Structure formats: structure tokens, C-alpha cells
Amino acid sequence: MAKEVKTIGVLTSGGDAPGMNAAIRAVVRSAIAKGLKVKGVQKGYNGLLNEEIIDLSARDVSDTIARGGTVLYTARCAEFRTEEGQARGAEVCRKHGIDGMVVIGGDGSFAGAQKLSHHGINTIGLPGTIDLDIACTEYTIGFDTAVNTAMEAIDKVRDTSTSHERCSIIEVMGRNAGYIALWCGIANGAEDILLPETYDYDEQKLINNIIANRKRGKKHHIIINAEGIGHSTSMARRIEAATGVETRATILGHMQRGGSPTCKDRVYASMMGAYAVDLLCQNKTNRVVGYRNGEFCDFDIDEALAMKKVIPQYWVDVAKQLSI
Ligand code: ADP
Ligand code: F6P
């Protein structure tokens with residue numbers, strides 16, 4: 001018979017995301033409410049291997065739900081990609097009495113969670129990334145805050161771009177995914193949105209569009225460029241030379257990852273944290289929590305990692321139509 005989980009560990013891994021604290025708080029408090037103990041593993045898998053592990057009480061997570069970043073800190077850990085690192089990580093869990101682990105992070109962190117699970121530690125992943133690049137879920141912790149932060153910043157760039165009748169290329173985060181770019185492109189009314197999933201690197205098309213829009217009387221031209229394409233500064237130089245329209249590049253960078261989480265991120269992260277504890281209490285392992293069709297749900301990590309996320313073409317088409 002499967003043994004009952006008594007102590008839950010929780011860690012954050014990979015890039016931080018606003019709402020991770022809400023998820024940690026929910027794990028801690030729902031576990032305590034069920035009579036379990038909770039240990040916080042600091043600095044992701046690095047902290048696990050270095051045994052940077054602390055007891056967490058309900059009071060330890062007071063005043064954290066509104067804070068950006070992660071109170072457990074986060075890191076990337078090359079050693080955990082090795083079989084030895086993973087086996088040692090599971091040993092450390094056993095040494096500290098951790099029989100269930102909640103890993104909050106992205107796809108990479110889930111690959112680590114999968115390995116911990118294979119080494120006998122019941123492990124559940126929560127999707128924590130601003131990139132929204134996890135295929136099994138329509139929601140990831142931090143995306144809502146990040147797109148709102150980026151949207152507000154882009155509004156400001158747009159003001160000055162209009163005043164100077166300039167073209168502005170604004171680069172947003174997202175690693176290899178274009179979700180932040182697509183959402184900001186629609187929300188900020190961009191003239192062009194460059195997504196790694198669809199961009200054909202035909203700069204002449206952009207140049208023609210800028211010239212055509214000038215003729216139509218547009219005062220600015222906002223291009224949202226995804227980080228996965230990058231090179232915004234050199235692109236701006238080439239576009240200015242080809243169009244004669246003053247062009248500036250702005251790379252929003254890490255400010256998109258910080259700040260107090262939105263209501264949606266606080267609430268969904270809280271629900272997901274509680275859901276992860278429920279799964280552990282049902283003796284489940286190797287699962288990742290998602291949100292689909294209006295409901296929280298869970299998937300086998302192996303299946304979740306094999307899924308492919310695509311940018312919906314309809315969204316891209318609508319964004320283009322609305323930019324005329
Ligand atoms: P994210 O979780 O945001 O996708 P990373 O891809 O940087 O971020 O992964 C975070 C950490 O997860 C890595 O530093 C590493 O410790 C662990 N990890 C990533 N891929 C694997 C893997 N294939 N096996 C084991 N651990 C992994
Ligand atoms: O995955 C989140 C993310 O912010 C990506 O959008 C970006 O590519 C990456 O992390 C940046 O990582 P770092 O903080 O290591 O520069």
C-alpha cells in the first residue's frame with residue numbers, strides 16, 4: 001500500500017514569477033490545515049542539493065501574497081540535470097523527512113520534478129512562469145502580472161513615440177515563446193507583432209508597412225518584438241535607414257518579471273497551491289497542475305512535457321486586422 005505523505009517540501013525553480021509567493025503560501029497553509037508539516041527548500045534544486053531547507057509555519061508566509069518574486073529564492077542548477085544529482089536530491093528529501101514535494105517552475109523544473117518522482121519522492125509541479133509556454137495549461141503563474149506590467153510600460157513608450165512621430169520597437173520577454181508579445185501586441189494596439197513561432201524575418205514587409213501607415217496618417221508605429229527574435233537595436237537602425245522614420249528600440253527586460261501580482265495571479269496561484277496539496281494527500285505523484293476550460297486539472301508530467309503549445313492563428317489574424 002502507498003505510504004501516506006506526512007511532510008511536504010516546496011521549492012521554486014527557474015525564472016521567478018509574480019504569484020509564486022501566493023502558491024507557496026497556499027501550499028503551506030493548506031498542508032498545515034490537513035495536519036501535515038511543511039519544509040521550504042530555498043534556491044530551487046541548488047538549495048535541495050545544499051540542504052538549504054527551513055521549516056515553514058502558517059505565520060512564516062504572512063504578508064507574502066502581495067509580494068513579487070519568491071520568498072524561497074530561485075536558481076538554476078546544472079548538477080540536478082545529472083543522474084547523480086537527482087539521486088542525491090531524493091536522498092536529501094528522505095534525510096529531511098520530505099515525502100511529498102511541490103515544484104513551482106517551468107518545463108525545465110518539471111523535468112527535474114519528474115526525476116525526483118522516479119527516485120521515489122511524490123512530486124507535483126505547478127506552472128510558474130511569465131512565459132505562458134507550458135502546453136498542458138491555459139494559465140501559468142505570473143503571466144497575467146507580467147503582461148499587465150509590460151502593457152503599462154508600452155503605453156508609456158507609445159505616448160512619447162506618438163509625440164515624436166516615431167517608430168518604436170519594444171522587445172518583451174518570453175524566451176522562445178511569443179505569448180507576452182501577442183497579448184501586449186493586441187492590448188497595446190501594435191502595428192506589428194513579431195512572434196518567434198510565426199516571424200518570417202522578412203524585414204522588407206515591416207518597412208513597407210511603416211511607409212504605408214505613414215501615408216494613411218498614422219503618427220506612430222509600434223512593433224512588439226519577442227525576445228526569442230531579439231536584435232531590436234540593430235533592427236531599429238536598419239528600419240530607420242530604410243524608411244527615414246526615426247526609430248527607437250526599448251528592451252523591457254526583467255522589470256516584466258517583478259512587481260506585486262495581479263488579483264488573477266494571486267487567486268489562481270492560491271488555488272493551484274491547494275490543489276497540489278490535495279494531489280499529494282491522494283498519494284499522487286509525477287503530476288502537473290493546469291487550468292483548462294475554466295477548471296483546475298492535472299496531468300501526468302511525462303504527458304505534459306510531450307505536449308506542444310501552439311500560438312492560435314486566429315489570434316494572430318485578429319491582431320493583424322485590428323492594426324490597420
Ligand atoms: P524553467 O523551469 O523556468 O523552464 P529552466 O529550464 O532553467 O527553467 O530549468 C530550471 C531548473 O530545472 C534547471 O536549472 C535544472 O536544475 C532543472 N532541470 C531542467 N531540465 C532538467 C532535466 N532535463 N532534468 C533534471 N532537471 C532539470
Ligand atoms: O522564463 C522566464 C524568463 O524571464 C524568460 O522570459 C527569459 O528568457 C528568461 O527567463 C530570462 O532569464 P534570466 O533571468 O536568467 O535572464
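A polar side-chain atom of Glu227 lies 2.8 Å from an oxygen atom of ligand 2. This is a predicted model, in which local features need pLDDT of at least 70, side-chain atom pairs count only at pLDDT 80 or more, and totals for chains, interfaces and linings use all residues. Residues are numbered from 1 along each chain as its sequence is written, chains are lettered from A and ligands numbered from 1 in the order in which they are written, and side-chain values use heavy atoms, leaving out hydrogens and water.

**Ligand 2**
- His254 also reaches ligand 2: a polar side-chain atom lies 2.9 Å from an oxygen atom of the ligand.
- For Arg257, an N or O atom in the side chain is 2.8 Å from an oxygen atom of ligand 2.
- On its own, ligand 2 has 400 Å² of accessible area, and the protein covers 77% of it (Shrake-Rupley method, 1.4 Å probe).
- The residues around ligand 2 (a heavy atom within 4 Å) include Arg76, Thr129, Met173 and Arg175.
- By class, this shell has two nonpolar, three polar and five charged residues.
- Here Ala, Val, Leu, Ile, Met, Phe, Trp, Tyr, Cys and Pro count as nonpolar, Asp, Glu, Lys and Arg as charged, and the others, Gly among them, as polar.

**Ligand 1**
- Ligand 1 is surrounded by 17 residues, and the closest are Arg76, Cys77, Gly106, Gly108 and Ser109.
- A polar backbone atom of Gly106 is 2.9 Å from an oxygen atom of ligand 1.
- Gly108 places a backbone N or O atom 3.0 Å from an oxygen atom of ligand 1.
- Lys115 has a polar side-chain atom 3.4 Å from a nitrogen atom of ligand 1.
- Taken alone, ligand 1 exposes 550 Å², of which the protein buries 86%.
- Helix α4, residues 107-118, gives the most to the shell of ligand 1, with six residues (helices are DSSP runs of H or I, at least four residues).
- That shell holds four nonpolar, eight polar and five charged residues.

**The largest pocket**
- The largest pocket holds about 880 Å³ of space.
- Its lining has 41 residues, and Gly106, Asp107, Gly108, Ser109 and Arg175 lie nearest the centre.
- α4 gives the most to this lining, with six residues.
- The lining divides into 15 nonpolar, 13 polar and 13 charged residues.
- A pocket is an open set of points on a 1 Å grid over the protein atoms alone, where a 1.4 Å probe fits, with protein on both sides within 12 Å along at least five of seven lines; lining residues have an atom within 4 Å of a point.

Terms used:
Polar contact = N/O pair within 3.5 Å; in protein donor to acceptor, adjacent residues only side chain to side chain. Helix = DSSP H or I, 4+ residues; strand = E, 2+ residues; numbered from the N terminus. Points joined across faces, edges and corners; volume = space filled by probe spheres on them.
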